[in-house]
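Here are my notes on this model, point by point. Please read them with the coordinates open.

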Amino acid sequence: MSMVISDDSGAAEFNATEQAAELVRRAGSLAAAQEEVQRLKAATEDEQRQELAGQQPVVLAQLQGTHMLDSRLDEVETQVREIRQRMHELRARVRVPYEQASEYNRQAENLQTAVLRVRGLSRVLQLERRLREQKDEALAALTLRDIKKAQDGLQGITVVDQALERVEQEWERILKSAKQMVDAGLRRQGGDVATGVQILATLDELPQVLHERVGYHLDAVHKTAQELGSSTGDVMWARVGAAADVLATGAQEMQMLERVLRRRRDLANVEIVATWWTKAADAIAEQIHSCAARGELVAGLPRLMQLLVARVLPPSRAAELGDRALQELAAEYKEQVAARLADAMDQCLPLPPQPHACAKFVHSVGIELDIARPTPSLHATVAEAAVTAARRLAAEARRAAPRAVDPLASSCKNTQSAVELIRSMEELRSGLSKFIELQPGVLAISGCIDALATLIIDACSFAVEAALLEGTWSSAEQALQWLHGQVLTRLSSPLRQELRKSVITVISSTLGLFVHDACAVFPLSEEARLRLAGAAPQLELACNQLANSVGCQLSESVHQRHQSLRLLRPLLFMSADELCEVLQQRQTNEWQSVLLVDLLVHIICRVASADEEKYLPWKLLGCQSRHWRECLAAASNDSTATVESLFGEWTRGSAHGSCVAVLSESLRLLLANFDEETAASDLRPLLQLGLQMAESSS
C-alpha cells in the first residue's frame with residue numbers, strides 16, 4: 001500500500017513508498033533505514049519546537065490586543081445604550097409640545113373657517129340687499145359677479161339658499177336684458193351694444209353669446225347660399241342679391257361687435273367674431289362652386305363681387321371675404337380676361353399693326369379696367385393681364401424691328417416699317433399711360449420705342465456721314481429732316497435721356513464733319529464756294545430742328561460746332577491776307593471755335609487749287625488721295641491719331657507718326673515747291689504762318 005501526498009500549492013506529489021525505498025537503498029539495510037528515519041523525526045521536532053518558541057511573544061501580544069479590544073467594545077456599547085436612552089427621553093420631551101401645538105393649529109383653522117363662513121354669509125346677505133336696491137343693470141351685474149364669487153361653501157345654509165334663489169332670478173333677468181340690448185343695438189347700429197357687451201362680459205356669458213350670434217348669422221348665410229345651387233339667369237342673380245343682403249347684415253353686426261371688442265381690448269373674443277368672416281366665405285364659395293350656372297358667374301364676376309363684397313364694410317374685410325369666397329372664380333376670370341386681351345392684341349399683329357389696331361387694344365383694356373374698377377382685387381387682376389399683353393407686344397416689336405433702315409429711301413419697305421412701328425408703339429404708349437396701374441407695361445413699351453428710335457437714329461447718323469463724305473450735302477440735309485419729321489415728332493416730349501444723347505451726338509458729328517469736308521473741298525473754285533455757302537444754312541436749319549426736338553440745353557461742344565458752321569461762309573470768301581490775320585488772332589476771337597486742323601486743310605486746298613499738277617499734297621507725299629484725306633479727317637476728330645493706327649504701312653517711310661505731322665509735312669512740301677509764277681504771291685506768307693502753327697501744335 002502506497003501513500004501519495006499532494007501539495008495544494010502546486011509542488012510535486014510526495015510518495016511515501018518511493019521515499020522509503022530510497023532511504024533503504026541509501027542506508028544499505030532496513031535497520032539503518034529505521035535509524036535514519038528516527039534521526040530525521042527528531043530533527044524535525046526540534047525545528048518545530050524552536051519555531052514555536054520564536055513565535056510565542058507575537059502570539060502573546062496578539063492575545064493581549066484582543067483582550068483590550070473586547071474591553072473597548074464593551075465601553076462603546078455602554079455609551080451607545082446611554083445615548084439611545086437619552087434620545088428616547090428627548091423625543092418624549094419634544095413630541096408632547098408638538099402634538100399640543102398641532103391641536104392648537106387645528107382649532108385655529110376651524111375658527112378661521114368659521115369666521116370666513118360668517119363673513120361670507122354676511123357679505124352675501126349684504127350684496128343681496130344691495131342688488132335689490134340697484135336700478136343700473138351694469139352695476140347689478142357687478143354685484144351678481146361678486147355674489148357668485150362669495151357664495152362658495154355657503155350652500156345648505158337656509159338664509160343663503162333663500163338669498164341665492166332671488167339672486168338666480170335676477171341673474172336670468174339681467175342676462176336676458178343684456179342680450180336684448182345687444183340685439184337692439186346691432187339692429188340700430190347704436191351705442192347699446194357696448195353696454196350689453198359689458199354686462200355679458202361681467203357675467204362671464206360673453207363667449208357663449210358671441211358663439212350663438214356667429215352661429216345664427218352663419219345659418220342664415222348657409223340657408224340663402226343653398227338656394228343658388230340650381231338657379232340660372234335672372235333668378236340666380238336675384239338670389240345672389242338676397243344672399244348679399246344676408247351677408248351684408250351679418251357683416252355689419254360682426255363689424256360692430258368686433259369694433260366694440262377691440263375698444264375693450266378683448267382679443268380672445270375678437271377671435272371668436274373673426275371666425276364668422278372665414279366661415280361665411282367658405283359657405284358662399286361652396287355653393288358658388290357647385291352652382292349650375294358657374295360659367296355665367298365667371299363671366300359676371302365683377303357684378304358678383306359688387307353684389308357680395310361692395311356692401312360689406314370695411315373694405316379690407318370685404319376684400320378678404322371676396323378673395324376667399326371667389327378665389328377659384330377669380331382665377332378663371334383672369335384667364336378669360338387674358339384671352340380677351342390676347343385676342344385684342346392679336347389684331348395688332350403682324351407688326352407693324354394696321355391703323356387704329358393699337359387704339360382698339362387700348363379701348364379693350366379700358367373697358368376691362370372700368371368693369372373691374374369697383375373691386376380692387378379684380379381690378380389688379382385685369383391690370384396684371386393688360387401689363388402682360390403690353391409686354392408681349394413690346395417684345396414682338398423688338399423682334400420685328402427692321403435692321404436695315406435707309407432714311408434717304410423713304411419708299412424702302414424697312415424704312416416704312418420702322419416709321420409705322422414707331423408710330424403704332426407711341427400710340428399704344430400714349431393710350432396706356434392714361435391708366436396709372438399699367439405703368440410696368442408702359443415702361444416696357446417705352447423701352448421698345450427707345451430701342452427702335454435708337455436704331456433709326458444710328459441709321460440716320462450713318463446715312464448723314466456717308467452723304468457728307470461723298471459731298472452730297474442735300475442728301476445729308478434730307479436725312480436730318482426725315483429724322484425730325486418722321487421719327488422725333490412722333491415721340492412723346494420730352495425725349496428720354498438716352499435718345500437726347502443720341503440726337504445730340506448726331507448733331508455734333510454732322511456739324512463737325514460738314515465743316516471739315518467744306519474746308520477740304522478741292523478744287524476750291526468760285527462755284528464750289530457758292531455751293532458750300534448755300535448748303536451751310538440749310539444744314540444748320542436741319543440741325544436746329546433736331547436740337548429743338550431734343551428739348552434741352554445743348555453742350556458747349558455743340559455750340560462751338562454751330563459757331564464754326566456760321567464762320568464757314570466768311571472763311572470761304574476771305575483773301576489770303578485776311579486769313580493770315582485770322583490765324584494770328586485766332587486765340588483771342590470767335591475763330592477759336594474753328595479747329596486749327598480745318599483751317600490748315602483749307603489753306604492747303606487753296607494753294608493746291610492754284611495748280612493741281614504741281615501742288616497736290618498727296619502727290620508730294622507720295623501717297624493716295626484717299627489716305628491723305630483720311631489722315632486729315634482723323635486729325636480733325638483726334639489730335640493724337642497716328643498714321644500707323646490707320647493704315648499700318650505708309651507709302652513713304654519718313655512720314656510715319658501722327659496725322660497732324662502729315663499735315664505739317666504737306667505744308668512744308670507745298671512751301672518748298674511754291675512758285676509765284678503759278679500761284680499768287682500772297683499765299684506764301686499764308687503757307688509759312690500755317691506751317692509755323694502746325695509745328696507748334698504738334
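1. Burial first. Buried means under 20% relative accessible area, exposed means over 50%, and partly exposed lies in between (1.4 Å probe, protein chains only). By that scale cysteine 519 is buried, at 1% relative accessibility. Cysteine 448 is buried too, at 0%.

2. Ground rules. This is a predicted model, in which local features need pLDDT of at least 70, side-chain atom pairs count only at pLDDT 80 or more, and totals for chains, interfaces and linings use all residues. Residues are numbered from 1 along each chain as its sequence is written, and side-chain values use heavy atoms, with hydrogens and water left out.

3. Disulfides. A disulfide here is a pair of cysteine sulfur atoms within 2.5 Å. The structure holds zero of them.

4. Salt bridges within a helix. The criterion is a side-chain nitrogen of Lys or Arg within 4 Å of a carboxyl oxygen of Asp or Glu. The count comes to 12 salt bridges. Helices (H or I, at least four residues) and strands (E, at least two) are DSSP runs, numbered from the N terminus. Arginine 106 is partly exposed at 45%, and glutamate 103 is partly exposed at 35%.

5. A second pair in one helix. Arginine 173 bridges to glutamate 170, with N and O 2.3 Å apart at the closest. These two are three residues apart in helix H4 (residues 158–188), about one helical turn. Arginine 173 is partly exposed at 41%, whereas glutamate 170 is buried at 18%.

6. A bridge between helices. Which parts does the salt bridge of glutamate 253 and arginine 213 tie together? The N to O distance is 3.3 Å. Glutamate 253 lies in helix H7 (residues 233–263) and arginine 213 in helix H6 (residues 206–226), so the pair joins parts that are 40 residues apart in sequence. Glutamate 253 is buried at 7%. Arginine 213 is buried at 17%. Asp183 joins Arg213 and Glu253 in a network of salt bridges.

7. Nonpolar core. A core is a set of buried Ala, Val, Leu, Ile, Met, Phe, Trp, Tyr and Cys residues joined through side-chain atoms within 4.5 Å. The largest has 190 residues, of which Trp276, Leu432 and Phe514 touch the most other members. Helix H16 (residues 439–470) gives the most to this core, with 13 residues. For contact, the cut-off is heavy atoms within 4.5 Å. Leaving out residues up to four places away in sequence, phenylalanine 514 touches several residues, including Leu468, Trp473, Leu532 and Leu568.

8. Largest pocket. On a 1 Å grid over the protein atoms alone, a pocket is an open set of points where a 1.4 Å probe fits, with protein on both sides within 12 Å along at least five of seven lines; lining residues have an atom within 4 Å of a point. Volume is the space filled by probe spheres set on the points, joined across faces, edges and corners. The largest pocket has a volume of about 620 Å³. Of its 26 lining residues, Leu468, Leu469, Leu513, His516 and Asp517 are the closest to the centre. H16, helix H18 (497–519) and helix H25 (625–637) each give two or more residues to this lining. H18 gives the most, with seven.
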